Each structure stands twice: as C-alpha cells, then as structure tokens.
Amino acid sequence: MAIDCEDQELLEGFLAETTELLEKLDDDLITLEKSPDDAELMNRIFRSIHTVKGASSFLGFDMLVKVTHKTEDVLNRLRKGELFLNPEIMDVILEAVDLVKTLVADIKGGDIVERDLEGTISKLIPFLSENATEATVLAPTSAPKEEKVATPPSPPEPAADAAAKAAGEKESAPADTGAPKAAAAAPATQPKPQPVKEPQKPAPKGEELADNSTVRVDVKRLDDLMNQVGELVLERNRMIQLHSDYQTGLDPTGFGDDFGKLSKRLNFVTSELQMQVLKMRMLPVEKVFKKFPRIVRNLARDLGKEVDLVIIGEETELDRSVVDEIGDPLIHLIRNALDHGLETPDQRLASGKDRTGTVVLSAAHEGNQIVISIKDDGRGIDPERISKKALEKGLVTEEQLASMGNREILDLLFLPGFSTKEQTTDLSGRGVGMDVVRTNIRKLNGIIEIKNDVGHGTEFTLKLPLTLAIIQSLLVEVEKEVYSIPLASVIETMRVSKNEFHMIGGQEVLKLRDSVLPLLRLQQTFSCQEVYTDRDTCYVVIVGVAEKRIGLIVTRLLGQQEVAIKSLGKFLANLPGIGGSTIMGDGRVALIVDPIGLIGGGAA
Amino acid sequence: METALTKVKSEEYGGELIQLVSFNLEKEEYGINVLMVREIIRMLNITRVPNTPHYVEGVINLRGKVIPIINLRKKFDLVDSEYDKRTRIMVMEVVGELMGFIVDEVSEVIRISEKEIQPPPPAVSSGIEQECMAGVINQADRLLVLLDLERMFSADERRLFSNVG
C-alpha cells in the first residue's frame, strides 16, 4: 500500500521528529531500567511515545497508533505506580518500540506493509490488567512461545482473560480507559495473525532508521559561518577594487604592499571559514554510542551475564564520515568483550571478582586524533589458545608461530577466518568480526592497539583521524612532478648524497644511525621521466605504517601544506601507492601518496 | 507496440531528431549524442597518473573536481600528435562518472533524424574503435562515425582500469 499523504512536508516533519524521539527512547528506556524511580525520566518517555501516537493518528497511520497506544497505556500504569518495572515488562516495551521503528521505517520507505501487530500487542495487554502481578506471570509464558512460532496460537487466551478482567474492573480503574477498548478490539482481530505467515518484507533494522542525509546545526555555528562569509565577501570586493585600481593605473606603486596585506587577510578568513565548516561536519560520538546500552542489555540477557556498561566522553566530536564508519567495528568489539571477554557471574565470583562485569567505552581527543577504547574486566585473551586455534585453522605454520612474540600472536585475531568459538552462534564464531574491525579502521587510516592482561581484562584502543577531508601533507617533487605525502605517516626527512646508498640483495638501503632502512625510488615506482641526471644529492622521506619503515627517495622537498583530499573517481581507484589527489594553489592537481600501498606492495 | 509508435512519429516528423556534437580525430569525423556531453574545454595542465593504461593521460582539476582524462587518439591506436590551439577536452558522463576525452578539434552540433543512422559496416578490422561504433551517418558530403562511449568501457575494461599496475 502506497502512502497517500497530501502534505509531503508534514510527512517529512513527522518522520524527522519521530525518528529523533525513537532514537532517544531506546536510551531512556535502558536508563529507566537501572533507575526505575526517576519520575522525570519516566515522564519524558511517556511524553515521547505520546507525541508519536498523537502525530501518527493525525496523519492517519493506524498501525502506528495501535501499537503506540498500547505502549502508552502500559507506560501510563508504570508512571502511576500501578505497575512495577521488571525486565519482562521492559522486554515487551522494547519490542513494541522496535515494532514502532519498523513501522516508521516502512512509512519512510514510502510503502506501508501489513505487519503482525497482534503478537506484540497481545504481550502488552496483560500488563494493562489491574492485578499486574498476575500479568507479569502470564507474560513470560506467552512471550517466548511466540518468538519461536511465527503465528501466535496461545496468546489470545491470556490476553482475552486479562482483558476481561480489566473490563470487569473498569469502574475501579478509571485511569486505564484505553485498556477495555483495546481488549475488545484484540479478540475481534485475533484471527488475523494467521495469514501473516506470508512472506513479509524483512523488517529493516532500527539503526537504519537514523537519517544521515540531513544535519542539525547549532544556530550559533551557522551565525558564525555567516559572519565569516560576510568577511570573505568584503575581501573579495577589496580584491576587485585593487585590481581595477591597478588597471586604471591609479597607484601602481602601492599595489604590491596592498596585495600582500590582502592575501594575508584572505588567508586568515579562509582558514577560519574552513574551521567553521569542519566543525559543522562534526558530530558528537554519542550518535554512535547511544545504541550500545540497548545492545549490551540484550546481549547480556542472552548470554546470561551481568554487565555494567560505562560510557565516558560521549560528547567528543568527530567528523561525520568517521562517525558513519566506526559503528560496525565498535559493535563487533563490544560483542567480543561480552561474549569472549566477560565471564559468567559464577566464574567471576570463583575468581574473586564482582558478579557484575564492567565494560568501559570511552572516547577522547588526543592531539589530532580521536581515541576510542573498549575495556572489559573479563578473563583477557589467552595467547596460548589463540596460537593453538590459528594452527588448527591452518592460518599459520608451526615455524611461523615459534618466531612470534605475544604481540604478533594477538594480531592473529585479525586474520579473516579466525575464531576461537567451537560453534557458530548468531553472536559470534564466524571469524569475520575482527577482520571487519581491521578493514574499517584501516579504511579510516586508523590504528588499533590491544592491551591484554590475562585474567584481568582486555582493552582495545582505536586511534582515528579527526577528519578524512583535509590532511596535513608534505609536498615533494619527483623529477618535476609534485606529490603529496600525508604528514601523519612521515617520520623524518633527510638530505643524503647518492654515494651513501648501499645495495643489499638487490634492495637499495640506507644506513640510518644504527638501523638499515630499505629505500624506494618514487621515480621508478611512479615511472616518472628522469629529468635530473647530474644531481648527486637527493632527499629521503622516511615514512612509517604500523611498525614498518621505509625511505622514499625524492628529488626535493617543497614544504608542508594543508590539503583537501579529492577522490580520483571510481575509474582510477585502487591505484597502487596513490591514495587520492588534491588541488594546489596554482589549480593543478597533485597526487597523494598512499604509504600503506607503497609498503604493502611488493616493492618493499 | 513500440515500433508501431515510432513509425507514426517518423511519418509525421521524418524520424526522431537527435543532436550530435561532431569532432575530429586524425581527419576523421565522429559524432556523439549531445546529451552525453557536459562541456567542452580547452587544454589544461594535465597531471600524469602513474601505473595507468597508456591512453589515460592523467587528471585535471575541473572547478574543484578531479576527473580522469583519456586521449582518444591513443585509445583508438591512432598516430600521436602534438596538442595545438584547436585541441579540446570533451567532458562527458560515462557510466555515472565524469571523464574528459582529448580530441583534435570540436566542430559543430548537427541535427540528424534517427533513420539516417546506418548500422556500422561489417568489421574490417576488429579494433577498439570498431567496438564502440554505434553507427555511421552518411550525409551528402560527409561521413560521420557515431560513437557510444559507454560501450568503450566494457565491464572487463573497467576492472582493468582500476587494477593496472
């Protein structure tokens, strides 16, 4: 069924608002479970769901109204203290919220699909009966059954039962006026769930609900930006004026001076502007973090573990492009922490720890980087077990293993296909998780570090660049061609005379202090035409990726510059050693060297 | 159904009109649908990109966007020549990406009716040029080769393009 809504703008507004409310709702609900006495929080949750209900009934989304209405009723009873929050109720409420998200996603997708509402609603209904204690007993019996069987054969009875009770006590409970009505509706529509078995559209995940195509920007930031643009316009006018003065020959003597001043001011204004725009692209990492409490709660329940998730530094801001990419790796790492890291409550007690395990998720700025760490106080990673598994899976040989240190053994975790789980569950065990983490972090030019303390926990630290759009780079010349090397990977530069190079096994090397540095002639790698044949000195730029170092031979260094990265388009993607391009002051394009590609490629 | 419709049209208007940009390469005249062409610019400074096929001349900065430049002479295995003041870069959108093509000279936009397009002659030589030939237009005093550049970047080649090196 397509959506028939005259006012597209209204619909868009509704979607934006609802999405935002729902995103917050998850978080609030989890917090509520921890502090059920927080009346303020309770009211906020109630208001959110009420707003969603109101808006959807206004726009005529009947299915949404049905679900939100019931959820609201249950919340209302909680709010009034007629019902006490327990994990069962929370499970049902969360399920209802998930259903609401699915429905909203359908509306957003422009296509309303008939979905099985009764399953969820019939779980909500028991909690609407006056004797809530009985309801909470009923609920868990009906709920799990339903999750396994697609069609709910049994729920009608308890639901109707409870509903009848609720109806009977109508006079004594004027508060829940919604309940009797709903109860009457529920049995009437009961036969419906049967045909629901037909192929349904797969329900989109809740996280996809989040809209990434629009940004909300602080009005103050926008005002600042406007100011900067105003100044830029002034400088431009000044420039035009200067040029016309110069052309008419008004004051040719002062031109140089004036122009110098102008370019200084222009420089200042544009760098301010750049900062402002960059700031606007920044999002608090909270955007990613806020879905974790819910994930952790569900996982912990599934695994039968007790977990305390501590989130630190969620206000830390980073670039949108980075925010979008770190979600997946973080989910994998958190799953691993819960599944592999933390022990069950009994094991924890046996090893003299608290019953409840702690997972600390923190984010902080560190210089030009953002550091995200996931730390658990579980059993840590046992290198013995890792090496055994890697050997079993045929990922390494005995000899390779023998020469590995503890660090290298931990790195085996990242190999595709690695898993210590005997059995694949829907949680983990497929051996893709850590590979995903590594791939995504690499894509972001980030670094992963593992701190492992066997018996006491593991900490994964991700170090990511703040933004991917603009980088500091070292401009170098290779036989009259200009290349840009990301400064982040440059360790040092030096001027060397050609007779200091040595050959070892066909590889040019340089003796650098007490180590031997392999060299790479960029002129050869990039097959540039040799222009300078008579020079006997050149420059070596030493770059490093992880623990590897290599010296790049260039003709001369041109200086350091902040450059905006431009993609080369999909036809020229994946060129070995080239990571992208940038536009220079004179409008020409300079290619950006990709040190990972150079070191990884057979040349080194 | 569709063919019937086209017939009626062609009777009324003498065939559907299409507009072609005509350009020269080694004294031969070629045509490309005008809707494919984004803009035509003069030669700019081209930055060479290492480890690409020989016909990829490099990249240019087109108002802040970096786009690859292909030398059609090299692509069609014609004799290489110096750029002169008539050399142009035709910027086109090919399979969703902007690309520039270097040609000797861009002459004009011509209107032809669809029925003037004849199928390409049976392959004399099976070169790349032959592959992306969509048809031949035979007018009184001229012979135009209609090119389909989408075809030039066959899936196979696109893969090669990105992995050469």
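Leaving aside its neighbours within four places in sequence, with which residues is A:V52 in contact? They are A:T18, A:L21, A:T68 and A:V100, where contact means that the C-beta atoms of two residues, placed from the backbone, lie within 7 Å.

This is a predicted model, in which local features need pLDDT of at least 70 and side-chain atom pairs count only at pLDDT 80 or more, while totals for chains, interfaces and linings use all residues. Residues are numbered from 1 along each chain as its sequence is written, and chains are lettered from A and ligands numbered from 1 in the order in which they are written.

A:V52 lies in helix 2 (residues 39-59) of chain A. Helices (H or I, at least four residues) and strands (E, at least two) are DSSP runs, numbered from the N terminus. A:V52 counts as buried because it has 26 C-beta neighbours inside 10 Å; the cut-off for buried is 20 or more other C-beta atoms within 10 Å, with 12 or fewer for exposed and partly exposed in between. A:V52 and A:L15 are 37 residues apart in sequence, and their C-alpha atoms are 9.7 Å apart in space.

Chain A as a whole has 20 helices and 18 strands. Of its 604 residues, 30% count as buried. Among its contacts between residues at least 6 apart in sequence, 68% join residues at least 24 apart.

Helix 9 (residues 219-247) of chain A has 29 residues and reaches 42 Å from its first C-alpha to its last. This is close to the 42 Å expected at 1.5 Å a residue, the expected span being 1.5 Å times one less than the number of residues. Just after helix 9 of chain A, A:G249 has a positive phi of about 70°.

The axes of helix 9 and helix 10 (residues 255-281) of chain A come within 9 Å and cross at roughly 160°. Axes are lines fitted to C-alpha atoms, for helices over the stretch in contact, and angles run from 0 to 180 degrees between N-to-C directions. The angle makes helix 9 of chain A roughly antiparallel to helix 10 of chain A, a term for angles over 145 degrees. Among the residues that meet are A:L232 in helix 9 and A:L266 in helix 10 of chain A.

Chain A also touches chain B: 21 residues of chain A are in contact with 20 residues of chain B.

| Strand of chain A | Residues supplied to the side that touches chain B |
|---|---|
| Strand 17 (578-583) | at least two residues |
| Strand 18 (589-593) | at least two residues |

Key:
Parallel < 35°, antiparallel > 145°, perpendicular 65-115°, else oblique.
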